[in-house]
Amino acid sequence: MSKKLELVKKLKQKDPKQLNMVIGLDGFVDEIIHLVDKWVDKDNYTRIETIGALATRIAKASGLSTNIELIPMQKKIGGNGPIMCNALAMHQPSITYIGALGAPHIDDVFKEMVNKVNVYSLAINGHTDALEFHDGKLMLGKMAYLNDITYEKLLDVVGESQLLNLLSNANMLATVNWSMIPNMTDLWNKLIIHILPQLPIHKNKPLFFVDLADPEKRENEDIIDALNVLKLFNSHFNVILGLNKKEAFDIGNVLGVYKTNETSDHLKDLSQALYNSLGIYGVVIHPVNKSCITIENTYYEELGPYVSNPKLTTGAGDNFNAGLTLGLMLGLSPDEALLMGMSTSGYYVRNAKSPTYKELIEFIELWDQNLI
C-alpha cells in the first residue's frame, strides 16, 4: 500500500472534532486584484500577467508618470491567522481565534468565521491589496492598527483566567504573522513570564506553531531576539517554526548558519542548520513543489501536488500550515503531516477554498491515483 493510501486509512480512523486550538493574532481583509494591460473592448481586458511585466511598466514611468488600473476580483478573509483558522475550522474542531478582526465591531468579511469559531477581536483589522500574477503575488498592506495588539490588550479583552483556561486545554497555540505585529515578541515574553508558570505540563505537549511571515522588513536584531524567545516555550510546548523557501534562506543568513540564497535547493542542509541553531522541536520549510521538516533531529521531505495554473494562491501557505499542524495534532508521522499540509494547500489553490475533512481525504486518494 502506498504512503498516501496508508495516510487515508489512518485519517478515516481519526476525529479532528476532538481537537482544541488557540490561533492569532493578526487579521486582514484581503482584496484580490488583477491589473489591466490593455482594454479589448468596454467589457474585456488583458491582464498584466507577471511581476516582471509590471516591473517593466513601472520602470518605463521613471521620471515621468503612469496609470495602472486595478480590477478588484474578490474580498476575502485575510491575514495568516484567519486564513489558517478558517482552513482548520473546515474540520470542525474547537477553535478560539484572537486577533485584529475589527473594532468596535467585527468586519463583515469575518462573519462566516465568527459562525464557526469563538473569537476575540483586539483591534481594527488591516487591509491588503493582493495583486495576483501567474508567477507570484504582491501583497500591499495597510497595517497601522496592528500596533494595538499587545499583551495588555490581550488580557483586557480575553481576561487572564479565560486565557489560562484556553491554553491549558489547547492541542495547539499558533501565533502567526510576527513580522507585521510589532509587539509580538514582547507579548511572547510576557506569556512566558506571567502565563506559562500557571499552565499544566502535559505528557504529550501541545504544539506552539509560529510563522514569521516574510521577516525581511524587520531588523536582523529583532529577528534574532524573536527566535531566541521561541526556545523558552519548550517547557510547555513542542515549538514548530514554519517558513517558506525564501524565509528559510533569509533566516539562515540572519543567523549566520547557512549563507546562500533561495536559488539553492539544499533544503536538507538548510533545515537541519536552522533546527540545530534554534533549539526547538521542529523546523518546516515549504517551497511551491515540495516540503520538508526537521523534527526531533530527523529530516523528512515529500514532493507535493504541483499545479501550474492555480485558481488562487493568496493563502496557500496558510492552508499548508493548517494541514501540517492538523496532521501533527492527530498524531501522524512528520512525513504524513507534510502530505497533509500539501494536500490542503493543493486543494485550496485548485478550488479557491479550503477542504472539509472528507474532501481532504478524497483529494489524497485522487493524488495517489495521479488524477488531480
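# Cores, salt bridges and buried segments in a predicted model

Lys-353 is partly exposed, its relative accessible area being 38%. Here buried means under 20% relative accessible area, exposed means over 50%, and partly exposed lies in between, with a 1.4 Å probe and protein chains only. The model is predicted: local features need pLDDT of at least 70, side-chain atom pairs count only at pLDDT 80 or more, and totals for chains, interfaces and linings use all residues. Residues are numbered from 1 along each chain as its sequence is written, and side-chain values use heavy atoms, leaving out hydrogens and water.

**Salt bridges**

- The structure holds 17 salt bridges, a salt bridge being a side-chain nitrogen of Lys or Arg within 4 Å of a carboxyl oxygen of Asp or Glu.
- Lys-353 pairs with Glu-359 in one of them, with 3.5 Å between the closest N and O atoms. Glu-359 is partly exposed, at 22% relative accessible area.
- Lys-190 and Asp-186 form a salt bridge with an N to O distance of 3.0 Å. Both residues lie in helix α7, four residues apart, or about one turn of the helix. Helices (H or I, at least four residues) and strands (E, at least two) are DSSP runs, numbered from the N terminus.
- Lys-190 is partly exposed because its relative accessible area is 22%, and Asp-186 is also partly exposed, at 34%.
- In the salt bridge of Lys-111 with Asp-108, the closest N and O atoms are 3.1 Å apart. Lys-111 counts as partly exposed at 39% relative accessibility, whereas Asp-108 counts as exposed at 59%.

**Nonpolar cores**

- A nonpolar core is a set of buried Ala, Val, Leu, Ile, Met, Phe, Trp, Tyr and Cys residues joined through side-chain atoms within 4.5 Å.
- The largest nonpolar core has 58 residues, of which Leu-154, Trp-188, Phe-208, Leu-230, Phe-233 and Leu-241 touch the most other members. Helix α7 (residues 184-195) gives the most to this core, with six residues.
- Apart from this core lies another of 48 residues, including Val-176, Ile-240, Ile-295 and Leu-360.
- Residues up to four places away in sequence aside, Leu-230 touches Trp-188, Phe-208, Val-210, Val-239, Leu-241 and Ile-280. Contact means heavy atoms within 4.5 Å.

- Ile-295 sits in strand β13 (residues 290-295) and is buried, with a relative accessible area of 3%.
- Between the C-alpha atoms of Ile-295 and Arg-47, which are 248 residues apart along the chain, the separation is 43 Å.
- Ser-271 belongs to helix α10 (residues 267-278) and is buried, at 0% relative accessible area.
- Beyond its neighbours within four places in sequence, Ser-271 is in contact with Val-283, Ile-285, Cys-292, Ile-293, Thr-294 and Tyr-299.

**Helices α3 and α4**

- Helix α3 (residues 80-89) is mostly covered, with 10 of its 10 residues buried. Among them are Asn-80, Pro-82, Met-84, Asn-86 and Leu-88.
- Met-113, in helix α4 (residues 111-114), counts as buried at 0% relative accessibility.
- With neighbours within four places in sequence left aside, Met-113 is in contact with Ile-77, Pro-82, Cys-85, Tyr-97, Leu-101 and Val-119.
- Met-113 and Lys-358 are 245 residues apart in sequence, and their C-alpha atoms are 20 Å apart in space.

**Cysteines**

- A search of the whole structure finds zero disulfides, a disulfide being a pair of cysteine sulfur atoms within 2.5 Å.
- Cys-85 counts as buried at 0% relative accessibility. Cys-292 is buried, with a relative accessible area of 0%.

**Nonpolar surface patch**

- Leu-366, Leu-371 and Ile-372 make a nonpolar surface patch of about 260 Å². Patches are made of residues with over 30% relative accessible area and no salt bridge, with like charges joined within 9 Å and nonpolar side chains (Val, Leu, Ile, Met, Phe, Trp, Tyr) within 5 Å. Accessible areas come from the Shrake-Rupley method with a 1.4 Å probe; for residues, only the protein chains shown count as cover.
- Leu-371 lies in the segment after α13 (357-368) and counts as exposed at 54% relative accessibility.
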